[in-house]
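Here is a short tour of a protein model, written for someone who likes to see the cut-offs behind each term. Please keep the viewer open as you read.

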Amino acid sequence: MPSLTTTSHSLAQAANAAGSDVRMTAARKEIYEVLAESRDHPTATDVFLRVKPRIPGISLATVYNNLEALTQSGLIKQVNLERMPSRFCANQHEHVHFHCDACGCVMDADVQANIDPPQHWHLPAGAQINRLDVTIRGLCPKCAAQ
Ligand SMILES: [Zn+2]
Ligand SMILES: [Zn+2]
């Protein structure tokens, strides 16, 4: 898994770290930057609304295509939750997602220690792990306090 040691949100640096050769069109750069500045895991429509003031002529289809390309290059992650539109995440640090069942928010949960997946789950013998894609569900602090 690529790990970013820099806190910079530069697409070039992230692309380098991910070993990706994603083409850096102006639209793609803006879309990536919007995501890098967001911690709320926006949907494609959210990204579209945030990019539009920067690139007035951009279409939702362009946003979808670029999100797809960025996801395939490993620069961003697509977060899929049942019956909900996909969300997107540019956090390159190893983390899992916490999803609130009440308000629907998605938060990053950093890995605290190096966990050893085979100790937590019965994986098929000989399986090789490339990445961890775990969603934890519950109530966010705000909803839990109500
Ligand atoms: Zn909540
Ligand atoms: Zn995330």
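Where is the place of His41? His41 sits in the loop between H2 and H3, and we will come back to it below.

## Ground rules

This is a predicted model, in which local features need pLDDT of at least 70 and side-chain atom pairs count only at pLDDT 80 or more, while totals for chains, interfaces and linings use all residues. Residues are numbered from 1 along each chain as its sequence is written, and chains are lettered from A and ligands numbered from 1 in the order in which they are written.

## Overall layout

The protein has 6 helices and 5 strands; helices (H or I, at least four residues) and strands (E, at least two) are DSSP runs, numbered from the N terminus. Along the sequence the pattern reads α-α-α-α-β-β-β-β-α-β-α.

Of the 146 residues, 20% count as buried. A residue is buried if 20 or more other C-beta atoms lie within 10 Å of its own, exposed if 12 or fewer, and partly exposed in between, with C-beta atoms placed from the backbone. Two residues are in contact if their C-beta atoms, placed from the backbone, lie within 7 Å. Among contacts between residues at least 6 apart in sequence, 57% join residues at least 24 apart.

## Helix H3 and its partners

Helix H3 covers residues 44-51, and its buried residues are Ala44, Val47, Phe48 and Val51. They fall within an arc of 105° seen down the axis of H3, so they line one face of the helix; the arc is that of the directions from the helix axis to the C-beta atoms. As background, an α-helix has 3.6 residues a turn, so residues three or four places apart point the same way. The buried residues of H3 pack against helix H2 (26-37), helix H4 (60-72) and strand E2 (87-89).

## How H2 packs

H2 and H3 pack at an angle of about 110°, and their axes are 10 Å apart. That makes H2 roughly perpendicular to H3. Axes here are lines fitted to C-alpha atoms, for helices over the stretch in contact, and angles run from 0 to 180 degrees between N-to-C directions; angles of 65 to 115 degrees count as roughly perpendicular, under 35 as roughly parallel, over 145 as roughly antiparallel and the rest as oblique. At this contact, Glu30, Ile31, Val34 and Leu35 in H2 meet Val47, Arg50 and Val51 in H3. These residues divide into 5 nonpolar, no polar and 2 charged, where Ala, Val, Leu, Ile, Met, Phe, Trp, Tyr, Cys and Pro count as nonpolar, Asp, Glu, Lys and Arg as charged, and the others, Gly among them, as polar.

H2 also meets H4: the two axes come within 10 Å and cross at roughly 75°, and the helices are therefore roughly perpendicular to each other. From H2 come Ala27, Arg28, Ile31 and Tyr32, and from H4 come Thr62, Val63, Asn66, Leu67, Ala69 and Leu70. The residues of this contact divide into 7 nonpolar, 2 polar and 1 charged. Lys29, found in H2, is partly exposed, with 16 other C-beta atoms within 10 Å. The C-alpha atoms of Lys29 and Asn66 are separated by 9.3 Å, though the residues are 37 apart along the chain.

## The nonpolar core

The largest nonpolar core has 16 residues, and those with the most contacts inside it are Ile31, Leu35, Val47, Val63, Leu67 and Ile76. H2, H3, H4 and E2 are the elements that give two or more residues to this core. A nonpolar core is a set of buried Ala, Val, Leu, Ile, Met, Phe, Trp, Tyr and Cys residues joined through C-beta atoms within 7 Å. Leaving aside neighbours within four places in sequence, Ile76 is in contact with Leu35, Leu70, Thr71, Phe88, Cys89 and Ala90.

His41 has a positive phi of about 55° although it is not a glycine, and it is buried, with 22 other C-beta atoms within 10 Å. Arg83 also has a positive phi of about 55°, but this residue lies in the loop between strand E1 (77-79) and E2 and counts as exposed, with 4 C-beta neighbours inside 10 Å.

Val106 lies in strand E4 (residues 106-110). Val106 and His41 are 65 residues apart in sequence and 6.3 Å apart in space, C-alpha to C-alpha.
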